[in-house]
Amino acid sequence: MHIVILGNGISGITAARHIRQHSDNEITVVSAESDHFFSRTDLMYLYMGKKKIKDIKPFPDKFWKENRIDLINGLVTHADLVRKTLHLNDDTSLSFDKLIIAVGSRPNKAGWPGQDLDGVHGLYSLQDLDAMERHSKGLKRAVIVGGGLLGVEMAEMFHSRKIPVTFLVRESSYYDMVLPSEESALVTRRIREQGIDLRLETELREIWGDRSGKVKMVFTSKGEKIECGYVGITTGIRPNIDFLHFTPLKYERGILVNENLETSIPGVYAVGSCAQMRDPKPGREAIETRWLAGGNMGETAAHNILASSAQQPPIPYDPGIWFHSAKFFGISYQACGEAGTGQDNLYWEHPDGHKSIRIAFHPDQGKVAGFIFMGLSFSREICEKWIREGVHIEEVLLKLRTVETDGSFSRKHESAMIQLYNAQTGKNLREAPRSGLAKAFGFLK
Ligand SMILES: Cc1cc2nc3c(=O)[nH]c(=O)nc-3n(C[C@H](O)[C@H](O)[C@H](O)COP(=O)(O)OP(=O)(O)OC[C@H]3O[C@@H](n4cnc5c(N)ncnc54)[C@H](O)[C@@H]3O)c2cc1C
């Protein structure tokens with residue numbers, strides 16, 4: 001059986017690896033962006049000079065040959081899903097028995113006048129990074145539009161090269177459509193502390209260019225004119241599925257898949273950020289645009305392709321406990337489970353204003369439901385286990401310090417959190433006693 005995987009991102013490559021691990025099928029991966037799989041989440045470090053391309057490739061180049069995974073660097077322009085053939089931009093074609101579509105996403109532009117000028121780019125691919133690189137020399141100012149994770153990454157990238165940045169954000173506080181107000185305020189402060197010209201409640205209206213077609217200025221919803229040589233568009237992404245528009249495949253925003261990640265066409269699967277679940281689990285997005293979700297989907301689709309040819313039942317995609325991590329100008333962010341509305345929330349912030357912990361718990365039974373950590377790192381596995389097992393908030397508070405992974409959450413901070421909890425709930429929780437040895441030698445933080 002020849003299995004073709006379209007897209008060499010985390011979802012497609014995880015599928016390829018799992019198929020190889022469990023079968024001898026012929027595997028071909030086609031992708032237009034790069035010869036080899038790389039970690040997209042590390043793109044910013046290439047521009048910032050902290051890593052080289054070889055450092056962000058999880059597998060050595062010889063891995064693919066050794067594992068008999070054929071790689072084609074090419075763009076699929078048309079898919080004939082009935083005849084099971086893909087057509088590439090170099091006029092070659094490729095036939096398949098089973099297909100996994102893992103084509104990811106691309107930056108979304110909202111149709112602004114001037115959005116196709118030279119110097120207007122998103123942040124998604126290696127080619128976007130090349131564009132940033134090309135325009136950076138002598139750049140006097142970059143304007144970034146869109147207050148999500150990609151916007152702040154792009155701001156940090158330009159900032160690392162001392163290029164002044166104006167950051168236009170529609171909301172009244174950075175990323176407040178996702179972060180609770182306290183964390184959003186913390187990151188907003190952090191962005192401003194770096195000297196970024198953050199303009200809230202401000203939208204892009206128009207981009208103007210010079211005679212050579214190069215960006216020269218933007219106009220905002222507040223009537224301001226800002227001179228700049230680069231406009232970074234980070235207002236969201238959309239699945240990369242235009243080439244599938246004239247096929248019988250069913251899609252909406254993404255390619256529609258059932259719980260086994262099968263599309264409307266037998267033998268064709270879709271995974272990663274181009275796939276849209278027909279029936280997402282309650283509280284989960286229909287399109288998951290996270291690294292871990294891509295890997296989990298790739299593994300599930302691989303299993304189900306092999307199961308179908310062995311006439312075994314498929315397994316449904318399990319999105320697991322929601323987890324996301326990122327960095328905002330050096331402040332790490334980790335969110336796990338449901339840490340928003342609908343539960344009681346305990347929020348503690350470090351006096352330095354750069355670290356915080358939020359624990360959400362069920363008001364009646366006290367079971368933990370979710371965590372948000374800013375500037376502090378805790379064991380993801382243990383936090384997920386606590387959520388899965390419904391461990392009581394008080395037990396979590398007494399153990400939290402033991403699962404911190406970078407040593408900045410001290411006993412003093414633990415006491416402060418317990419005091420906050422007692423004040424908020426009227427309880428009388430006491431700190432775990434220090435062991436005699438620890439007391440004697442004072443080696444507890
Ligand atoms: C800068 C950046 C930082 C990020 N940071 C985080 C993070 O910290 N945490 C997190 O969870 N997520 C993060 N993400 C999101 C995460 O990287 C994506 O969700 C994930 O990479 C999606 O993987 P994928 O396999 O679905 O698709 P992609 O990685 O998009 O790969 C799809 C590949 O298919 C190729 N392709 C598309 N169409 C065709 C075609 N017609 N023919 C041939 N090839 C084609 C594309 O060129 C691309 O190489 C980040 C994303 C970016 C851009």
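Q: Is Asp-176 buried, partly exposed or exposed, and why?
A: Buried means under 20% relative accessible area, exposed over 50%, and partly exposed in between (1.4 Å probe, protein chains only). Asp-176 has 30% relative accessibility, so Asp-176 counts as partly exposed. A caution on the source: this is a predicted model, where local features need pLDDT of at least 70, side-chain atom pairs count only at pLDDT 80 or more, and totals for chains, interfaces and linings use all residues. Residues are numbered from 1 along each chain as its sequence is written, and side-chain values use heavy atoms, with hydrogens and water left out.

Q: Where does Asp-176 lie, and which residues does Asp-176 touch?
A: Helices (H or I, at least four residues) and strands (E, at least two) are DSSP runs, numbered from the N terminus. Asp-176 sits in the loop between strand 11 (165–168) and helix 6. Contact means heavy atoms within 4.5 Å. Leaving aside residues up to four places away in sequence, Asp-176 touches Glu-171 and Ser-184.

Q: How is the protein chain divided into domains?
A: Domain bounds come from an automatic or database domain assignment. Here the assignment gives domain 1 (2–106 + 238–309), domain 2 (120–235) and domain 3 (323–434).

Q: What area is buried between domain 2 and domain 3?
A: Buried area is the accessible area (1.4 Å probe) that two parts lose on being put together, summed over both. For domain 2 and domain 3 the figure is about 1600 Å², with carbon and sulfur atoms giving 68%. Glu-183, Leu-186 and Arg-190 supply 35% of the area that domain 2 buries against domain 3, more than any other three residues.

Q: How many salt bridges does the rule find across the interface of domain 2 and domain 3?
A: A salt bridge is a side-chain nitrogen of Lys or Arg within 4 Å of a carboxyl oxygen of Asp or Glu. Across this interface there are three. Elsewhere in the list of pairs, Glu-182 forms a salt bridge with Arg-358, and their closest N and O atoms are 2.7 Å apart. Helix 5 (149–160) and helix 6 (181–193) each supply at least two residues of the side of domain 2 that touches domain 3. Helix 6 gives the most, with eight residues.

Q: Is Lys-225 buried or exposed?
A: Apply the accessibility rule again. Lys-225 is at 59% relative accessibility, so Lys-225 counts as exposed. Lys-225 lies in strand 15 (residues 225–227). Beyond residues up to four places away in sequence, Lys-225 touches Met-217, Val-218 and Phe-219.
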